[in-house]
Amino acid sequence: MRGGSAGRRRLLAGIAAGAMMPGSVAAHDFRAGAIVIDHPYALPTPPGARTGAVYFRTLRNGGREPDRLLSATSPAAAAVELHRSAIENEVMRMRPLPALDLPPGASLKVRHGGEIHLMLIDLKAPLKNGERFPVRLKFERAGEHEVVVQVQQPRTDGKPPAGHSH
Ligand SMILES: [Cu+2]
């Protein structure tokens, strides 16, 4: 189990590095075992909106074992669902995903305008630009880890923000 103990040392080093910068969002990525959660973010929501979405710049499995994101919770919403958007009969629809597969080496883009997002159901308050809120992610292998989501305006690249019309 030589490789296993080396992996464990790397894991502990990662935790120690994270613990040395509490509250820092300069790097703004999070490590859950072999999983790297790079830049969790959400877009501001209009007043009265009941739903929002959480995205990640990337969600990466740097380990050698498959993992899966099983579920998430947040104090910002009554529930958090894993969603995949797809065009069905020329209409964009969102379907709940039972889990999000993270094979070894996978680097998933979970960005706005993409296929996958975490849906915030029944927001307690609108998401305002510049705010942050926690989301707790539950991975099959890496366990439960809390990340801090940054609410931010999307870059103005001419594309409209991804719509969420439930
Ligand atoms: Cu959705």
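Okay, which strand is the place of Met 94? Met 94 sits in β6, residues 91-96, where strands are DSSP E runs of at least two residues, helices are H or I runs of at least four, and both are numbered from the N terminus.

Quick caveats. This is a predicted model, where local features need pLDDT of at least 70, side-chain atom pairs count only at pLDDT 80 or more, and totals for chains, interfaces and linings use all residues. Residues are numbered from 1 along each chain as its sequence is written.

Back to Met 94: it counts as partly exposed because it has 19 C-beta neighbours inside 10 Å; buried takes 20 or more, exposed is 12 or fewer, and C-beta atoms are placed from the backbone. Leaving out residues up to four places away in sequence, Met 94 touches His 83, Arg 84, Ser 85 and Met 119, a contact being C-beta atoms, placed from the backbone, within 7 Å.

Now the whole protein. We've got 1 helix and 11 strands, and 23% of the 166 residues count as buried.

On to the largest nonpolar core, which has 30 residues. By nonpolar core I mean buried Ala, Val, Leu, Ile, Met, Phe, Trp, Tyr and Cys residues joined through C-beta atoms within 7 Å. Those with the most contacts inside this core include Ile 35, Ala 42 and Val 149. Several strands supply at least two residues each, among them β2 (35-42) and β11 (143-151), and β3 gives the most, with 5. Ignoring neighbours within four places in sequence, Ala 42 is in contact with residues including Val 54, Leu 127 and Val 149.

Note on methods:
Two residues are in contact if their C-beta atoms, placed from the backbone, lie within 7 Å.
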